[in-house]
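Hello,

Here is the structure I promised to pass on. Please open it beside this email and follow along.

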Amino acid sequence: MTNSKSVSTSLRIPTFDDVQTARARISGVAHRTPVLTSRTADSRTGATIFFKAENLQRAGAFKFRGAYNAIAALDALSRKNGVVAFSSGNHAQALAYAAGLQGVSVTIVMPRDAPEIKVEATKGYGAEVVFYDRYTEDRETISRRIAEERGATLIPPYDHPDVIAGQGTAALELIEDVGQIDLLVVPLGGGGLLAGSALSTRALSSACTVVGVEPEAGNDGQQSLRKGEIVHIPVPKSIADGALSTYVGAHNFAILKDKVDDIVTVTDGQLIETMRFFAERMKIIVEPTGCLAAAAVMHGAIACTGKRIGVLLSGGNIDLKAFGALLGER
């Protein structure tokens with residue numbers, strides 16, 4: 001367990017200025033993803049909902065924003081020596097893609113049980129993939145060893161100031177596109193997207209309530225926010241494979257504890273129903289992790305009636321066989 005107060009003093013905590021710098025770096029490279037609406041969703045919730053469709057981002061998830069920004073911020077020597085990361089899939093794909101665009105070599109440490117579609121996409125973008133067992137081995141230790149051996153830069157999936165700043169550009173665009181909102185709801189894994197979103201929201205829509213959403217089986221962020229320090233949990237089991245982190249990052253928590261109002265959870269069953277809604281009603285594919293925020297809004301985990309709500313759909317990377325199998329469950 002890590003006490004955030006003792007850690008945060010030595011960290012470089014990003015600010016909204018860093019989000020704006022990140023926006024300039026990724027401009028013309030990352031997609032400015034569309035904001036989608038649904039009369040059915042509004043009718044079911046009694047709210048006006050704006051879905052920021054990061055499932056349509058390059059590499060299929062919001063992660064491209066932070067990955068590209070973190071690599072773009074490196075000096076020439078660091079770029080020459082390459083980068084290393086650990087990820088279950090979306091950060092892996094995003095960093096591999098972003099590194100390729102910038103001529104930087106990349107090695108990704110991935111769990112052996114990562115979805116095959118994410119592994120193949122990561123390799124397809126040119127990354128070297130090193131596998132580990134998420135239940136018996138420590139991915140950070142493996143990644144740090146590889147980085148030290150090669151003189152490479154470690155870019156973790158969420159606990160990094162430039163990654164956080166890049167992720168914050170999604171909420172920045174959302175608020176620019178739709179104006180003031182009453183509530184912003186964001187998926188939570190390690191905390192990069194939620195932390196970056198909170199920075200943008202507090203700067204642009206200060207009265208807005210910011211809520212993170214985790215899978216019910218992995219509520220380390222919820223426990224941490226309520227306890228006031230980072231809580232570690234065993235590896236959770238959920239279909240939300242992008243949110244199976246066992247603790248939030250130190251950089252992230254320094255922001256979450258000051259700028260996030262609450263963290264709620266949803267069940268795997270609710271994620272499946274939300275995936276089905278997007279497929280049937282809005283004709284888009286959203287992966288389970290990408291549905292976390294929407295599931296909380298659609299299934300009443302948050303009071304929504306009468307509010308203007310921003311919902312981040314964080315990604316759409318899911319094997320079509322797995323997608324079909326999940327939607328076949330009742």
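Start with Ala59, which sits in the loop between β2 and α4 (63-72). Helices (H or I, at least four residues) and strands (E, at least two) are DSSP runs, numbered from the N terminus. The phi of Ala59 is near 65°, a positive value in a residue other than glycine. Its relative accessibility is 10%, so Ala59 counts as buried. Buried means under 20% relative accessible area, exposed over 50%, and partly exposed in between (1.4 Å probe, protein chains only).

A word on the source. This is a predicted model, where local features need pLDDT of at least 70 and side-chain atom pairs count only at pLDDT 80 or more, while totals for chains, interfaces and linings use all residues. Residues are numbered from 1 along each chain as its sequence is written, and side-chain values use heavy atoms, with hydrogens and water left out.

Now the whole chain. It has 15 helices and ten strands. The radius of gyration is 18 Å, close to the 20 Å that the globule rule gives for 330 residues, so the chain is as compact as a globular protein of that length. That radius is taken over C-alpha atoms, and the rule is 2.2 Å times the number of residues to the power 0.38. Along the principal axes, the C-alpha atoms fill a box of roughly 55 × 40 × 40 Å. Buried residues make up 59% of the 330.

Contacts come next. A contact means heavy atoms within 4.5 Å. Take the contacts between residues at least 6 apart in sequence: 74% of them join residues at least 24 apart.

Which residues have the most contacts inside the largest nonpolar core? They are Phe51, Val185, Phe278, Ile302, Ile309, Val311 and Leu313, in a core of 37 residues. A nonpolar core is a set of buried Ala, Val, Leu, Ile, Met, Phe, Trp, Tyr and Cys residues joined through side-chain atoms within 4.5 Å. Elements giving two or more residues to this core include β2 (48-53), β7 (183-187), α13 (268-282) and β10 (308-313). Helix α14 gives the most, with seven residues. Phe278 touches Phe51, Lys283, Ile284, Val286, Cys291, Ala294 and Leu313, not counting residues up to four places away in sequence. Apart from this core lies another, of 31 residues, among them Ile181, Ile230, Ile255 and Leu256. In soluble globular proteins, nonpolar side chains tend to be buried together.

Is Lys283 buried or exposed? At 65% relative accessibility, Lys283 counts as exposed.

Move on to helix α11 (residues 220-227), where Asp220, Gly221, Gln222, Ser224 and Leu225 are buried. These buried residues pack against β8, α12 (250-259) and β9. Gly228 follows α11, and its phi is positive, near 85°.

Last stop: Leu244, in the loop between α11 and α12. Its relative accessibility is 12%, so Leu244 counts as buried. Leaving aside neighbours within four places in sequence, Leu244 is in contact with Arg134, Pro236 and Ser238. The C-alpha atoms of Leu244 and Gly218 are separated by 6.5 Å, with the two residues 26 apart along the chain.

Best wishes
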